[in-house]
Amino acid sequence: MWHWLFTTGLLQTILAYLATAGFGVLLNIPRRAVNLSGWVGAAGWLTYEVLYQVLPTTIDVKLAIGNLVAAIVIGVASGLAAHYKQMPMIIFNIPSLVPLVPGGQSYRVVRNLVTGHPEIANQYLAQVVIIAGVIAIGFLVAEFINRMTWHLAASLKQL
């Protein structure tokens, strides 16, 4: 695990940072948000990859749990980044999702449908639906965590 983390994991984290920051530039987010957005995306991707490597379950469960926890990390980190930079949270959320989007599986669905392999296409379609669903649930949980954190912080300030 440690060897993977310091070789492949480090390289993938750097590439996730570059992909997120690059997508942020394409979306024309403010320059002062690009670097932090890249770090949020890299943290989400590293979370996903570590869980994918560590969990001793089937591929579908690894995809679901990894994407769920990564979406929660991205949502919470985006909330913190938005508060720190005094910017809308969506500026950090959208570019940070790029590494998690199931584009490869979506491509395989279409390719297998076109080449006449509907059984394989259905397997990949199930993965796409699972990933999209857990990302949405992860953002919902992250929003709940963010609101509870800000509410708790406001309550402590009043004391």
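Modeller: Before we start, here is one term: a contact is a case of heavy atoms within 4.5 Å. The model above is predicted, so local features need pLDDT of at least 70 and side-chain atom pairs count only at pLDDT 80 or more, while totals for chains, interfaces and linings use all residues. Residues are numbered from 1 along each chain as its sequence is written, and side-chain values use heavy atoms, with hydrogens and water left out.

Colleague: Thanks! How many helices and strands does the protein chain have?

Modeller: Helices (H or I, at least four residues) and strands (E, at least two) are DSSP runs, numbered from the N terminus. The protein chain here has six helices and zero strands, and its pattern along the sequence reads α-α-α-α-α-α. About 65 × 35 × 30 Å is the span of the C-alpha trace along its principal axes.

Colleague: What share of the contacts with a separation of 6 or more joins residues 24 or more positions apart?

Modeller: In this protein chain, that share is 68%.

Colleague: And what part of the 159 residues counts as buried?

Modeller: Buried means under 20% relative accessible area, exposed over 50%, and partly exposed in between (1.4 Å probe, protein chains only). By that rule, 36% of the residues of the protein chain are buried. Areas come from the Shrake-Rupley method with a 1.4 Å probe, and for residues only the protein chains shown count as cover. The accessible surface of the chain totals about 9,500 Å², and carbon and sulfur atoms hold 71% of that surface.

Colleague: Which helices do the buried residues of H6 pack against?

Modeller: They pack against H3 and H5. Among these buried residues of H6 are Ile131, Val134 and Ile135. Now look across at asparagine 67, which lies in H3. Asparagine 67 touches Tyr48, Lys62, Leu100, Ile131, Val134 and Ile135, leaving out residues up to four places away in sequence. Asparagine 67 counts as buried because its relative accessible area is 2%.

Colleague: Tyr48 is on that list. Is tyrosine 48 buried or exposed?

Modeller: Tyrosine 48 has 9% relative accessibility, so it counts as buried. Tyrosine 48 is found in helix H2. Residues up to four places away in sequence aside, its contacts are Leu63, Gly66, Asn67, Ala70 and Leu100.

Colleague: What does tyrosine 17 touch?

Modeller: Tyrosine 17 lies in helix H1. Not counting residues up to four places away in sequence, tyrosine 17 touches Asn35, Gly38, Trp39 and Ala42.

Colleague: How do I read the largest pocket, and how much space lies in it?

Modeller: Rolling a probe the size of a water molecule over the atoms shows where empty space is left. On a 1 Å grid over the protein atoms alone, a pocket is an open set of points where a 1.4 Å probe fits, with protein on both sides within 12 Å along at least five of seven lines; lining residues have an atom within 4 Å of a point. Points are joined across faces, edges and corners, and the volume is the space filled by probe spheres set on them. The largest pocket here holds about 190 Å³. Its lining has 15 residues, with Trp45, Tyr48, Leu63, Gln105 and Ile131 nearest the centre.

Colleague: Which helices supply that lining?

Modeller: H2 (31–54), H3 (59–85) and H5 (103–114) each give at least two residues, and the largest share, four residues, comes from H2. By class, the lining has 10 nonpolar, four polar and one charged residues; Ala, Val, Leu, Ile, Met, Phe, Trp, Tyr, Cys and Pro count as nonpolar, Asp, Glu, Lys and Arg as charged, and the others, Gly among them, as polar.
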